[in-house]
Amino acid sequence: FLFLVLTFLCSTAVAAWSEKDHEIFRLKEELEKHEGRGTTFYSFLELEHGPGSTPDQITKAYRKRSRQLHPDKNTSKEATNRFARLGLIANILRGPEKERYDFFLQKGFPRWKGTGYYYARFRPGLFTVLVFLYLIGSCAHYLILSITANNERSRMQRYISECKAQAWPNAFPPADSSKRKVMYENGKVFMVYPDGTVWIVDSATNEEYMLDVTELEFASWRKTMLFRLPIFLWGISLGRYIKFPEKEEHKLSKKAPK
């Protein structure tokens, strides 16, 4: 269940490129296509300081380049497109989109892959994503088991300490070496023995069971979905037809002292 929840959350948390991002990507590809590979917005405007250029420097560079690339001074077929491209690039570098362009310039631009822009360095497939979520879910499951086990140990230790404090007000066992009965407000009944052990009394059978912190199990990776999920899948598939001999388990039972 935890694995399915993580899969759903991560699948719905996919960030899409904004409209401004698409405009930057398109201009970047057109610029490299017509001006040469590796041409940046800054080099096209002949800005020596690159991303460190100030708004005034960008404006001056734009005015200078616009005089050079104006269609009235250039008779080439590409002159109009270059001039229009120059204006769009200058508006990006003089606006809030400059920070976004600088980010892609430093981290790398995604590439068009037929249906959208993706980073060419790593594009995880469905299997990779599922394995990643599986490992993340297993770690989260182990963390939950660890917190639960620690809470159980703390709760049992609290019961033991509080029962002994109520049964032995002077912090010492009674002189007659008798057991003392302690009843909680929630209705649970405990027996405190002279040896310091605390036993909980089953109200239905009147049997006593010792509270022993050392018997509580710690969190284990074998109890997480990392191991349980493959075992479950095996059990509902081939495991229904292939049976292995099971080892006998010997359990020790403790009885309350008389």
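How far apart do the end C-alpha atoms of residues 126-149 lie, and how much of the span is helix and how much strand? The end C-alpha atoms lie 34 Å apart, and the span is 100% helix and 0% strand, where helices (H or I, at least four residues) and strands (E, at least two) are DSSP runs, numbered from the N terminus. The UniProt annotation "transmembrane region", from an unreviewed entry, covers residues 126-149; UniProt positions are given in the numbering used here, feature names are shortened, and annotations may be inferred rather than shown by experiment.

This is a predicted model, in which local features need pLDDT of at least 70 and side-chain atom pairs count only at pLDDT 80 or more, while totals for chains, interfaces and linings use all residues. Residues are numbered from 1 along each chain as its sequence is written, and side-chain values use heavy atoms, with hydrogens and water left out.

A pair of aromatic rings is described by the distance of the centres and the angle of the planes. Rings of Phe, Tyr and Trp (its six-membered ring) pair if their centres lie within 6.5 Å, and planes under 30 degrees apart count as stacked, over 60 as edge-to-face and the rest as tilted. By this rule the count comes to 12 aromatic pairs. In one of them, the ring centres of Phe25 and Phe104 are 4.9 Å apart with the planes at 75 degrees, so the pair is edge-to-face. This pair links distant parts of the chain, since Phe25 belongs to helix α2 (residues 19-35) and Phe104 to helix α6 (residues 97-107), 79 residues apart. Phe25, at 2% relative accessibility, counts as buried (under 20% relative accessible area, with exposed over 50% and partly exposed in between, using a 1.4 Å probe and protein chains only), and Phe104 is buried at 0%. The rings of Tyr101 and Phe109, with centres 5.7 Å apart and planes at 50 degrees, form a tilted pair. One aromatic cluster takes in Phe25, Phe41, Tyr42, Tyr101, Phe103, Phe104 and Phe109.

Further along are strands, two of which pair if DSSP finds at least two bridges between them. Strand β4 (residues 189-192) and strand β5 (residues 198-201) run antiparallel and are joined by four bridges, and Val192 has Val198 in β5 as its bridge partner. Their hairpin has five residues between the strands, and in it Gly196 takes a positive phi near 95 degrees. β5 also pairs with strand β6 (residues 208-210), in the antiparallel sense over three bridges.
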